[in-house]
Amino acid sequence: MMRLIKRGVSGTAGVLLLSGAASCQPIDEGPVALSGLAPAAQGWTMTVLAGGLEHPWGLAFLPGDEGILITERPGRIRLFKDGALRGEPIGGVPPVLASRQGGLLDIALDPDFARTRLVYLTYAHGTVEKNNTRVARARFDGSTLSDLEVVFDVTPHKRGGLHFGSRMQFMPDGSLLVGLGDGFNYRDQAQDVGSHLGKIVRLRPEGGAFAGNPFADRGGALAEVYSYGHRNIQGLALDRASGRVWATEHGPLGGDELNLIEPGKNYGWPLATYGREYHGPRVSQKTSLPGMEDPKIVWTPVLAASGLMVYSGEAFPQWKGDIFAGGLMTREIRRIDIDASGNIGRQESIAIQSRVRDVREGPDGMIYVVTDEADGKLIRVSPK
């Protein structure tokens, strides 16, 4: 007996595989299923603002009319300003390892950017044989980055071009959260707090562990570790109204997760997961274990979740407080109702029809998307 199964690997195009008896067992579904669609008739419309982006990965909104900075995975930053994509890339970008899922990844502005002009970047650094994820910051003068300094280096180094993470989120206390991948072939290190792989780390903006991190005083642990047991985080978002931190991570064959992040907690990978190996068998016979946090949503088949935000604007008042998760495999934004207590409600699909790499709320309350394609797009979702 044979059947078609969708396979998704973060950062690569989805394919259909013919699978044999090893993977014909039913795949467990997560606790919350897709329950409705959100067609344009319900009040939103999509506008392509720009094309010609090569595998864009992250975006950041500059103040006033300075525009939007957009990273491209091959190692460029582009500026969208005055309704058009500027021809010349931003200068001063550090060299990156642009191999498979590696390259220039996320971008974030210092919370006091108007004064400091500091831009933070995550990127793959090194060679295919020896590489890691780095966080660096530099000053932006409107056209060029300068005074670049590395503020964080993932340890240990790894081989290959998979599972770098790596989203960033500044917190109200001034700390910087960074979600990191497990390195793919190094997944057991997700359970080792003496490794940065498969973790969320909490940093001081200038580098080093933020005071009060949960493992700072544990022998053999790395002081930067904030949470652990993650596979490959590509969505990280703060709900500023409630203070909750949410993250999405890629499962293997099935088992993408939405997690509510708390300091010091273990999120299970690879000991507790709904996912299967790409060749069929379960990664673990357990989907839940004592002392480990259960996901709030499991997506099987996968979204290949990338990009995450909690909406707080006025353009879509009916969506305030909801979570928006991008889907690479499903080519959509998934809107998730969240109540005041953080409970998960209805899910709806906003069809983008392209691989959604990042989704962000703009200063105008609109929703902005970049699509992971050789001819990637910047898209705006606005009220109809």
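Biologist: How much space lies in the second largest pocket?

Modeller: Rolling a probe the size of a water molecule over the atoms shows where empty space is left. A pocket is an open set of points on a 1 Å grid over the protein atoms alone, where a 1.4 Å probe fits, with protein on both sides within 12 Å along at least five of seven lines; lining residues have an atom within 4 Å of a point. Here the second largest pocket holds about 240 Å³, a volume being the space filled by probe spheres set on points joined across faces, edges and corners. Of its 15 lining residues, Phe61, Gly64, Gly67, Ile68 and Pro363 are the closest to the centre.

Biologist: How far may I rely on these values?

Modeller: This is a predicted model, in which local features need pLDDT of at least 70 and side-chain atom pairs 80 or more, while totals for chains, interfaces and linings use all residues. Residues are numbered from 1 along each chain, and side-chain values use heavy atoms, without hydrogens and water.

Biologist: What is the volume of the largest pocket?

Modeller: It is about 880 Å³. Phe61, Gln169, Arg240, Arg360 and Glu361 are the closest to its centre among 33 lining residues.

Biologist: How many aromatic pairs does the structure hold?

Modeller: There are seven. Rings of Phe, Tyr and Trp (its six-membered ring) pair if their centres lie within 6.5 Å; planes under 30 degrees apart count as stacked, over 60 as edge-to-face and the rest as tilted. Phenylalanine 61 and tyrosine 368 are edge-to-face, because their planes stand at 70°, with ring centres 5.1 Å apart.
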